[in-house]
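Reader: I'm new to this one, and I'd like to go through it with you. Can I ask where the labels come from as we go?

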Amino acid sequence: MKRILMALMALVTFISHAQSPEKYNLGFENQNEGQSLSDGWFKWGEYSLTIDSTAHSGQKSGKITSDDSGSSFGSIAYKIPANYTGKSIQLEGYMKIENVEDGFAGLLMRIDGNGTALEFDNMQNQGITGTADWQKYSVVLNYPAEAETIYI
């Protein structure tokens, strides 16, 4: 049975102490015709990645589906400049999962700086598996002063 992760992340939000974040295509709504992913999003890993009309809010969401390659990782990623201040940063998003087995589903946030990953969480420790309707999830990381790039 094909493992499907509808990591249909919708309305992904960054929260950083009293700052108004720049506008990014975090809700998957902006998509150029003929492109498989929404503007700004890119494939990270080996799973099948598409945009889906099943959404928590809005009209689109990102869909991650395992493939037959046996890869252990697949993600739709977005790169954001690390131009925030504060001691921590939070990523919130909604996921709907279907038949997630032999692995896990989760939001991912990685903060890079000085040519290395400084902070990382992919929710692996939460062991999200099975089938579940839309639920809100959150990842909070320490926000290092030397942060240059944020990947979600």
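Predicted model: local features only at pLDDT ≥ 70, side-chain atom pairs only at ≥ 80, totals over all residues.

Reader: Why is T149 called buried?

Author: Buried means under 20% relative accessible area, exposed means over 50%, and partly exposed is in between (1.4 Å probe, protein chains only). T149 has 15%, so it is buried. Across the chain, buried residues make up 43% of the 152 residues.

Reader: Where does T149 lie, and what is it in contact with?

Author: T149 lies in strand 11, residues 149-151. Contact means heavy atoms within 4.5 Å. Leaving aside neighbours within four places in sequence, T149 is in contact with K79, I80, A82, R110, I111 and D112. P81 stands opposite T149.

Reader: Which strands form the open sheet, and in what order?

Author: Five strands form it, in the order 3-6-11-8-9, with antiparallel pairing. Strand 3 (41-45) and strand 9 (116-121) each have a single partner strand, so one side of each is left without a neighbour in the sheet. On average, neighbouring strands of this sheet are turned by 30° against each other, direction ignored. (Angles like this use axes fitted as lines to C-alpha atoms, for helices over the stretch in contact, and run from 0 to 180 degrees between N-to-C directions.)

Reader: How do you know that strand 6 and strand 11 pair?

Author: Two strands pair if DSSP finds at least two bridges between them. Three bridges join strand 6 to strand 11, so they pair, and they run antiparallel.

Reader: What makes E92 and K136 a salt bridge?

Author: The rule asks for a side-chain nitrogen of Lys or Arg within 4 Å of a carboxyl oxygen of Asp or Glu. E92 and K136 meet at 3.5 Å, N to O, so the pair counts as a salt bridge. It links distant parts of the chain: E92 is in strand 7 (residues 88-105), K136 is in strand 10 (residues 128-142), and they are 44 residues apart. E92 is buried at 16%, whereas K136 is partly exposed at 49%.

Reader: How many salt bridges does the count come to?

Author: Two. In the pair of D112 and R110, the side chains meet at 2.7 Å, N to O. D112 is buried at 13%, while R110 is partly exposed at 21%.

Reader: What makes a set of residues a nonpolar core, and which members touch the most others here?

Author: A nonpolar core is a set of buried Ala, Val, Leu, Ile, Met, Phe, Trp, Tyr and Cys residues joined through side-chain atoms within 4.5 Å. The largest one has 28 residues, and I89, M109, Y143, I150 and I152 touch the most other members. Strand 6 (74-81), strand 7, strand 8 (109-113) and strand 10 give two or more residues each. Strand 7 gives the most, with six.

Reader: Is G113 buried or exposed?

Author: G113, in strand 8, has 1% relative accessibility, so it is buried. Not counting residues up to four places away in sequence, G113 touches L118, E146 and E148. The C-alpha atoms of G113 and E148 are separated by 4.8 Å, though the two are 35 residues apart along the chain.

Reader: Why are D102 and N114 called exposed?

Author: D102 comes to 72% and N114 to 57%, so both pass the cut-off for exposed. D102 lies in strand 7, and N114 lies in the loop between strand 8 and strand 9. Phi of D102 is near 55°, a positive value in a residue other than glycine, and phi of N114 is near 55° too. Most residues other than glycine have a negative phi.

How values were computed:
Residues numbered from 1 in each chain as written. Heavy atoms only, no water. Helix = DSSP H or I, 4+ residues; strand = E, 2+ residues; numbered from the N terminus.
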